[in-house]
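I opened my notebook to look up the salt bridges in this structure. My entries follow.

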Amino acid sequence: MRNIADTLARMARAGAPTPRDTAPSRLTPLAEFGTNPGALLGFSYVPADLPVNAPLVVVLHGCTQTAAGYDHGSGWSKLADRAGFALVFPEQTRANNPNRCFNWFASEDTAQAGGEAESIAQMTETMIARHGLDRSRVYVTGLSAGGAMTMAMLVTRPDLFAGGAVIGGLAYGTATGVSQALDRMRGHGDTSDAALVDMVRSGARGHDGRWPTLAIWHGGADATVSVANADTIARQWRGVHGVDAKAMRTERVGTAVHRIWSDAEGRDVVEDWTVPGMGHGTPIDPLRGERLGVAGPFMLDVGLSSTAVIAKSWGLLAAARVETAAKPASVERVAKIAIPVSPKPAAKPRTEAPAGIQATIENALRAAGLMQ
């Protein structure tokens, strides 16, 4: 049996709140985007000189974050200005989840109809229609709970998204409740390759077309969502694309290890980026190269902008050159900024908690966004 204190500490880190956003939002509220069965909020960013038939990127924040805060930290809207693409930012509410986590472990919210995944799809369709965007160039990315929801979007809407990028996330369908979610976050509970693929095909309801490409990003020292989950996601998506695990090429970009798998047509369909020494968060590079993002809790300056690299892999920076730091951040520096120090406790729900150890466990579950 796992050590309870260790489990509670990890869950507390998963739900550690970020500081209140101080930068003004660059986003615009998205109104009237459908029936919104998942009761989410929506925000958009459209550059003033957006070209005709431009691409669209859907960006999903992590637990305790807001759409505006994630944009400020990751730099997506600034890159959209430079490269000419539109953005939509779904945002979780405290009514749905006390710590603003997308409910990636709830089957009703990760199916094609009736929950948060459908709300995100409605926002995406609304943006395409309102701004005349290119339906063949729609992408989705997210961090942590937003990363797990990114997987849900690729599975439930494979015809809508050309590609996705999951950062510190988890494979689709591997958790259907609190207990399983905790085990998966810790890297426990292995699932066979065949079962992983079956989960995707079941969620996609008979999809027989081309599958979206996928980039996986994870910190090698992630103590909130074990890096073992990156391998699980890669196994699931390689199986979906039918590519051989051994048919891989590897390169180093700064400190990061980049592995790529291609299909029979030579198309790069699955990528895996592991940043040694990095904890739980989005890799950014605010001082060098593309100069995107702002460092802070779960926004980690490791000398490599995942935002720019992901956009380039999708062809959004066609004529632009994504630079990487000549001197990437040291592993020691990354380790110091990887996990926020002395986080404030998450706000308690207004319901009265039971006494004793049960109260302690339930409060930790709420802090991790795994219990309402």
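Is E125 buried, exposed or partly exposed? I find it partly exposed, with a relative accessible area of 34%. My cut-offs: buried is under 20% relative accessible area, exposed is over 50%, and partly exposed lies in between (1.4 Å probe, protein chains only).

I note that this is a predicted model, where local features need pLDDT of at least 70, side-chain atom pairs count only at pLDDT 80 or more, and totals for chains, interfaces and linings use all residues. Residues are numbered from 1 along each chain as its sequence is written, and side-chain values use heavy atoms, with hydrogens and water left out.

Next, the salt bridges. I counted a side-chain nitrogen of Lys or Arg within 4 Å of a carboxyl oxygen of Asp or Glu. The count is 12 salt bridges.

One of them joins R135 and E125, at 2.6 Å from N to O. R135 sits in the loop between α4 (116–131) and β5 (138–143), while E125 is in helix α4, 10 residues apart. Helices (H or I, at least four residues) and strands (E, at least two) are DSSP runs, numbered from the N terminus. R135 is partly exposed at 44% relative accessibility.

Then I turned to R235. D193 pairs with R235, their closest N and O atoms being 2.7 Å apart. This pair links helix α7, which holds D193, to helix α8, which holds R235, across 42 residues. D190 also forms a salt bridge with R235, at 3.2 Å between the closest N and O atoms. I logged D190, D193 and R235 as a linked network of salt bridges.
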